[in-house]
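I opened the model today to look up its sheets, the helices on them and a few packing details. My notes follow in the order I took them.

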Amino acid sequence: MKFTRRQKNYFSRILVVRTDRIGDVVLTTPVLKALRENYPQSHIAMMVNPKTKELIEGNPYLNEVIVYDREKKDKGLWGFWKFVLGLKRKRFDLAIVLHTKNRVNLITYFADIKRRAGYKNNKFGFLLTDKLIDTRHLGLKHEVDYCLDILRNLGLKIRDKAPYVAVKKEDIDLVNHNILEAQGIHRDNKIAAIHSGSSCVSKRWLKERFVVLANRLVEDYGLKVVLIAEGKEDEAIANEIAKQIRYPVLNLSGKLSLGQLSALLKRCAIFISNDSGPVHIASAVGTPVVSIFGRNQAGLSPVRWAPVGKKDTYLHKEVGCSICLAHNCSIGFDCLKAITVDDVLKAVDDIIKA
């Protein structure tokens with residue numbers, strides 16, 4: 001269904017707001033496609049933070065990327081109001097607010113955006129005009145569907161749920177020539193990328209098992225192994241793993257922009273990772289993913305955060321916890337220990353042979 005200017009729910013200038021992390025932004029991209037299909041002539045913009053802007057630059061369903069930099073350029077009360085006034089001048093008539101922080105609800109309200117659709121939260125949710133009760137913490141369905149529910153509540157039709165990340169030619173060329181070929185990895189080599197980090201210790205599979213896994217990927221499948229990481233703590237983990245692998249590996253931890261990371265992941269035959277943002281980048285660029293999940297806390301389980309590609313899979317085992325204590329786990333993260341190297345290799349084998 002395409003809305004016309006005469007219909008009640010037609011909007012000529014639409015703003016999508018998602019100013020949180022990598023995976024969240026990638027899983028919001030189906031919203032952009034759905035908006036474009038319903039409003040082919042409208043101006044559609046997305047507001048993100050500086051770190052994630054590369055993930056949506058080049059998106060064919062967007063007209064504009066707006067960066068909200070609350071740590072630097074838009075910092076403090078003056079920065080806040082300056083940003084609000086700039087947004088107000090753009091005259092948006094609909095905001096899709098997918099990040100339930102007080103600040104973004106205030107921004108869209110003071111920017112005089114007439115319709116503001118999103119989820120209720122404890123504070124400032126009353127500023128929205130079209131709102132749903134926020135049940136994402138219950139993890140009853142996937143994050144993609146939680147995002148699309150906001151559009152469904154406006155009467156929009158949804159035809160496609162696939163996330164999308166555009167990969168720029170300059171990033172592909174740089175990764176292939178300046179990085180991979182410079183390190184002896186050529187076009188006919190198949191690559192397995194490994195991401196051993198995550199945002200919380202309760203999501204991190206054992207380091208020694210990543211070492212064994214990397215060795216087996218080389219020995220059993222003849223794959224070239226590349227390590228990636230985001231953030232200093234994850235880089236330290238990857239560096240430690242790299243030193244223990246028996247074979248040459250390319251350690252790119254902390255050395256890639258998100259655009260370059262997207263290009264690298266697109267080049268890979270498979271991506272193996274803890275539950276983290278790069279999982280969703282790999283899935284969005286079409287690379288098969290094996291994602292390792294630990295805790296089964298409501299709202300953080302694979303039901304909500306599993307990769308959604310057709311060739312993707314995830315590993316998760318119940319270990320009898322009635323309540324997940326996350327990083328305060330008192331039983332040594334048995335959920336992660338329950339996933340063996342052979343479990344991961346079985347998932348890899350199924351993908352490669354398919």
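Which strands does helix α8 lie across, and at about what angle does it run to β7? I noted first that this is a predicted model. I then traced α8, residues 207-221. It lies across β7, β8 (224-228), β10 and β11 (289-292). It runs at about 175 degrees to β7. Angles over 145 degrees count as roughly antiparallel.

I wrote down the strand order as β9-β8-β7-β10-β11-β12. The sheet is open, has 6 strands and pairs in the parallel sense. Its edges are β9 (250-251) and β12 (313-315). Each edge strand has a single partner, so one side of each is left without a neighbour in the sheet.

For H195 I found S273 of β10 as the bridge partner. Helix α11 also packs on this sheet, touching β7, β8, β10 and β11. Its direction makes about 160 degrees with that of β10.

**Entry: α8 against α9**

Next I checked α8 against helix α9 (residues 232-244). Their axes are 9 Å apart and the packing angle is about 45 degrees. That makes the two helices oblique to each other. The crossing of α8 past α9 is right-handed. From α8, the contact uses K207, F210 and V211. From α9, it uses I237, E240, I241 and Q244. I sorted these contact residues into 4 nonpolar, 1 polar and 2 charged.

**Entry: α10 against α11**

I repeated the check on α10 (residues 258-267) and α11 (residues 277-284). The axes come within 9 Å and cross at roughly 55 degrees. This pair is therefore oblique. Here, too, I recorded a right-handed crossing, α10 passing α11. L258, L261, S262 and L265 make the contact from α10. P278, I281 and A282 make it from α11.

An aside on the spacing of the α10 contact residues. An α-helix has 3.6 residues a turn, so residues three or four places apart point the same way. L258, L261 and L265 are among the α10 residues in this contact.

**Entry: I185**

Is I185 buried or exposed? Its relative accessibility is 6%, and buried means under 20%, so I185 counts as buried. I185 sits in the loop between α7 (169-180) and β7. I listed its contacts, leaving aside neighbours within four places in sequence. They are L180, I191, K224, V226, L250 and R267. I then took the pair I185 and L250, which lie 65 residues apart along the chain. Their C-alpha atoms are separated by 9.2 Å.

**Entry: the sheet with β1**

I turned to another open sheet of 6 strands, with parallel pairing. The order is β3-β2-β1-β4-β5-β6. At its edges stand β3 and β6 (130-132). Each has a single partner strand, so one side of each is left without a neighbour in the sheet. Neighbouring strands are turned by 15 degrees against each other on average, direction ignored. Helix α5 (residues 102-110) packs on this sheet and touches β1, β2, β4 and β5 (115-119). Its direction makes about 180 degrees with that of β4.

How many of the residues of β2 are buried? I counted 5 of 6 in this strand, residues 43-48, so I call β2 mostly covered. It pairs with β1 (residues 13-17) in the parallel sense over 5 bridges. V17 stands opposite M47 of β2. With β3 (residues 64-67), β2 pairs over 4 bridges, again parallel. There A45 stands opposite E64 of β3.

**Entry: α2**

Last, I looked at helix α2 (residues 29-38). It is mostly covered, with 8 of its 10 residues buried. I listed the buried ones as T29, P30, V31, L32, A34, L35, R36 and N38. What covers these residues? The cover includes strands β1, β2 and β4 (94-97). It also includes helices α1 (22-26), α3 (53-56) and α6 (143-153).

Key. Residues numbered from 1 in each chain as written. Predicted model: local features only at pLDDT ≥ 70, side-chain atom pairs only at ≥ 80, totals over all residues. Heavy atoms only, no water. Axes fitted to C-alpha atoms, helices over the stretch in contact; angles between N-to-C directions. Parallel < 35°, antiparallel > 145°, perpendicular 65-115°, else oblique. Left-handed = near helix turned anticlockwise from the far one by under 90°. Contact = heavy atoms within 4.5 Å. Pairing = 2+ DSSP bridges. Buried < 20%, exposed > 50% of the residue type's maximum accessible area, 1.4 Å probe, protein only. Nonpolar A, V, L, I, M, F, W, Y, C, P; charged D, E, K, R; others polar.
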